Structures are given as structure tokens and as C-alpha cells.
Amino acid sequence: LQNIDLTSCDMLTSDAVVDLANAIPRLRQLRLGKVTQISERAIDRISQICRRLEDLALDSCVGCTVEATSQVARRCTELKILSLSNCPLVDDTTLSSISLCLSGLTHLDLSGCKMITDKTLAGVVKANTALTHLNLYGCPKLGNRSLQALGEHCAELKYFSMAVTSAVQDKGVMRLVSGCPMLQDLYMTNCPQISQEIKGLIRMQMPWLNVVT
């Protein structure tokens, strides 16, 4: 047994999850999204025990503190899929650890992480050039720098989502789409600085691209 999905098992306790990790230390996938009782200590222990994880989801976990998530990045260096959506304590310190320790991510979900900034996001992108799926929906500090980094470093990107940011402009979007020829899905809702002209131009020049605004 290498893959376990416990998403939304909100009655699961931290001790039970740690016991599971102890019993199956060679886990490759562990999905704990919306398991709200998982503590910082439990996440720290999981990262100590299950160092070969490739797929980890901790969405909406209150135990996702800066220290816990940074330890995940430092210890679980084989991660390819990491989901930290709606973790209110995830910030630039967490992203700095991801940039320094993880270089093989293909899927990254940081949607709803409102504290992360454009500059640090760009660093994560530059360190993980194999990204195919990136969800930054509801990250208000996202800006042109991250989109430029995606266009320059992530040619295999297929899915990108952003919303509710006033910092992203036309030039950032154009650098993204021009540098990511494999892009299939582009979500950019509630981004007031992106003009209707650019949205129309993208749809006309890239008819295969699913653009949601």
C-alpha cells in the first residue's frame, strides 16, 4: 500500500494519522485535504517518517504552520504534487523553503493562500521548471513577475488559474501564453487590469486554449 486518500475525513485525529504514517513509512501518496484536526506536530512527524512522498495534500489544514510546511519541503524532496490550498498560515517563508528544497514539482496548488507574494512565487516557478499545473486562484499579491517567470521557465505548463488580483496586467498574461505553448486551460477571473482586448486576442490567436474570465 503506497497511496492513501483521506480527503474530508474530518473526524480523523492527528494521532491516528501519525500511527498510519508509522505503519506505512514508504507511502508515496497521502491526501489529507480538509482533515481539519491535523496538528502542526502531526504534519512534522509525517514529514519525518514518510520522506518518499510524491503526492501530499494538506488543503485547509490548520496545522499547516510556516514551520510544519517548511519541514515538509526540506524532508520530502521527492514531492511532485503538493496542495496547500486555503492554508492561512502559508507565507513567503514556506515558499522560500519550497524554492530551495523542491525542484521536481509538476502540480502545485496554493489557491487561497493570501499571504504569499509575487517575488517569492516567481522563485518557486524558477526552481520547478517541470510544472504542468499551477493554481493561484485567490492569491491577491500575484503579479506580472510570476507570470513572466512561468513564460520563461515552464514551457510544459498546461493549467494555470488566478483570480482576484489587481496587479496582473496585459504584459504579464502575454508573456505567460507566449512562453507556454502547451497551455490548455487559463483561468483569470476578477483581474481588472487585464483588458478585454488581450482576452480577445488570446482567444483569436490560440483557439485551442480554454480561457475562463
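Two strands count as paired if DSSP finds at least two bridges between them. Helices (H or I, at least four residues) and strands (E, at least two) are DSSP runs, numbered from the N terminus. With that in hand, take a look at strand β8, residues 185–189. This is a predicted model, where local features need pLDDT of at least 70, side-chain atom pairs count only at pLDDT 80 or more, and totals for chains, interfaces and linings use all residues. Residues are numbered from 1 along each chain as its sequence is written, and side-chain values use heavy atoms, with hydrogens and water left out.

On one side of the story, β8 runs parallel to β9 (residues 210–212), joined by 3 bridges. It also runs parallel to β7 (residues 159–163), this time through 5 bridges. Follow L186 in β8: it stands opposite V211 in β9, and it is the bridge partner of F160.

How does the chain get from strand to strand?

Now back to F160. Leaving aside neighbours within four places in sequence, F160 is in contact (heavy atoms within 4.5 Å) with residues including L147, L150, L176 and L186. Of these, L147 and L150 are among the buried residues of helix α6, residues 144–153; buried means under 20% relative accessible area, using a 1.4 Å probe and protein chains only. The buried residues of α6 pack against β7 and α7, among others.

Notes: Buried < 20%, exposed > 50% of the residue type's maximum accessible area, 1.4 Å probe, protein only.
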